[in-house]
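I began with the spaces and then turned to the helices.

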Amino acid sequence: MTDLKKLIITATDSHVLSEAQIIDILKDDSINDFLFSAADEVREKYVGNEVHLRGLIEFSNICKCSCKYCGIRKENTLVQRYRMTEEKIFALAQKAKEYGYKTIVLQSGEDSFFSKEKMVSIIKKIKDMGFALTLSIGEKTYEEYKEYKDAGADRYLLRIETTDKNLYQKMHPDMSFENRIRCLKDLKKLGYETGTGCLVGLPEQSIESLAHDILFFKELDADMIGLGPFIPAPDTPLETEDGGTLTMALKVMALTRLLLPDINIPATTAMETLDPDGRLKALQSGANVVMPNITDEECKHKYTIYPGKAGLNNTADEYNRSIMLKIKNRGRIIASGFGFRFRNL
Ligand code: SAH
């Protein structure tokens, strides 16, 4: 057996790898299948065969940020902007209830129309419907995060995007790396199940920095990690750049599962966008969560963070039926609980 395979086997027990070891694994493509199976075993041992379905509502594509990779960045005047009414959000959540989903994920651009008061009222109503609630609405103050938590929000997703500070500043000219870190620390402090993650394959992103991203997830003690390949979006400064690959995104995800065995890891839409089987491959390489998009037809076509998003041509009903079938066909179980992180280490 090669040294790298031995290293992977040791990590399935110790959940420790050095930065140099992670880099070696990321650079060698001959051990990919071995790595994916190891992550699949760790996933089964620590979080079981259940797959948690979280209904994603993209409730506004209005954004004040200029993230260079993102198709809904504020400079992009070609995007038809929308904002859902509260009634529409609740009607979509009701649908999720009918599908049996236990969690609602509310995601949006950084849209200040949704003030603290408006968000608190939406959060309370979704909680009254009996859901666990994840927010993915960007950078806020400690006080705002606290009010959302007090109103009942359970989880928060805020990807660090990259831990390479120089690259971070280039990608986010109007934001600061320090503030991103501050947000993640505040979320942890406030007791949110905190999700972060990175883009894989950004221009100028090094393998070394991806290894650093993985170690950052462990250092933060993240409860969820969402990863996806960077997909160049039209009408952004990066439209002509090369995108990331599914393989590299899966490798970063599998290594994350080895090091953080009991966390929740979604098989992301960006993975399925690059390969129709991308989500299933992810579910067999360490992932245990799927976030079906339940945004209505009209709005979801306008939430164009990148092109060709998987699921755009299916209604939520169709997507729900097909994903449930695929999960069951792979011998996995649709979870019936809320799917909070159960510390198991
Ligand atoms: N405003 C929220 C939600 C952002 S959209 C926030 O700041 O957290 C959710 C994720 O989509 C981002 O965190 C980013 O990692 C991803 N994303 C954006 N543009 C992308 C692209 N072109 N390719 C792949 N993923 C992208």
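**Entry 1: terms and basis.** I took a cavity to be a set of points, on a 1 Å grid over the protein atoms alone, where a 1.4 Å probe fits but cannot get out. A pocket is an open set with protein on both sides within 12 Å along at least five of seven lines, and lining residues have an atom within 4 Å of a point. Grid points are joined across faces, edges and corners, and a volume is the space filled by probe spheres set on the points. I noted that the model is predicted, so that local features need pLDDT of at least 70 and side-chain atom pairs count only at pLDDT 80 or more, while totals for chains, interfaces and linings use all residues. Residues are numbered from 1 along each chain as its sequence is written, and side-chain values use heavy atoms, with hydrogens and water left out.

**Entry 2: cavities.** How many cavities of 30 Å³ or more does the count give? I found 3. The largest cavity has a volume of about 1000 Å³. It is lined by 49 residues, of which Q107, S136, R159, E161 and I305 are the closest to its centre. Elements that give two or more residues to this lining are β1 (50–60), β2 (103–108), β3 (132–136), β8 (228–229), β9 (266–267) and α11 (269–274). Helices (H or I, at least four residues) and strands (E, at least two) are DSSP runs, numbered from the N terminus.

I then sorted the lining by class: Ala, Val, Leu, Ile, Met, Phe, Trp, Tyr, Cys and Pro count as nonpolar, Asp, Glu, Lys and Arg as charged, and the others, Gly among them, as polar. The largest cavity has 26 nonpolar, 14 polar and 9 charged lining residues.

For the second largest cavity I read a volume of about 70 Å³. Its lining consists of T269, R279, M291, P292, N293, K300, A310, G311 and Y319, of which 4 are nonpolar, 3 polar and 2 charged.

**Entry 3: the largest pocket.** This pocket holds about 160 Å³ of space. I listed T163, F177, I181, K185, H212, L215, F216, E219 and L220 as its lining. Two or more residues come from each of α8 (177–189) and α9 (207–220), and α9 gives the most, with 5 residues. By class, the lining has 5 nonpolar, 2 polar and 2 charged residues.

**Entry 4: α9 against α2.** Which residues of α2 meet α9? They are E19, I22, I23, L26 and K27, and their partners in α9 are I207, E208, L210, A211, H212, I214 and L215; contact means heavy atoms within 4.5 Å. The contact has 8 nonpolar, 1 polar and 3 charged residues. The axes of α2 (residues 19–27) and α9 come within 9 Å and cross at roughly 125 degrees. Axes are lines fitted to C-alpha atoms, for helices over the stretch in contact, and angles run from 0 to 180 degrees between N-to-C directions. Angles under 35 degrees count as roughly parallel, over 145 as roughly antiparallel, 65 to 115 as roughly perpendicular and the rest as oblique. I therefore recorded α2 and α9 as oblique to each other.
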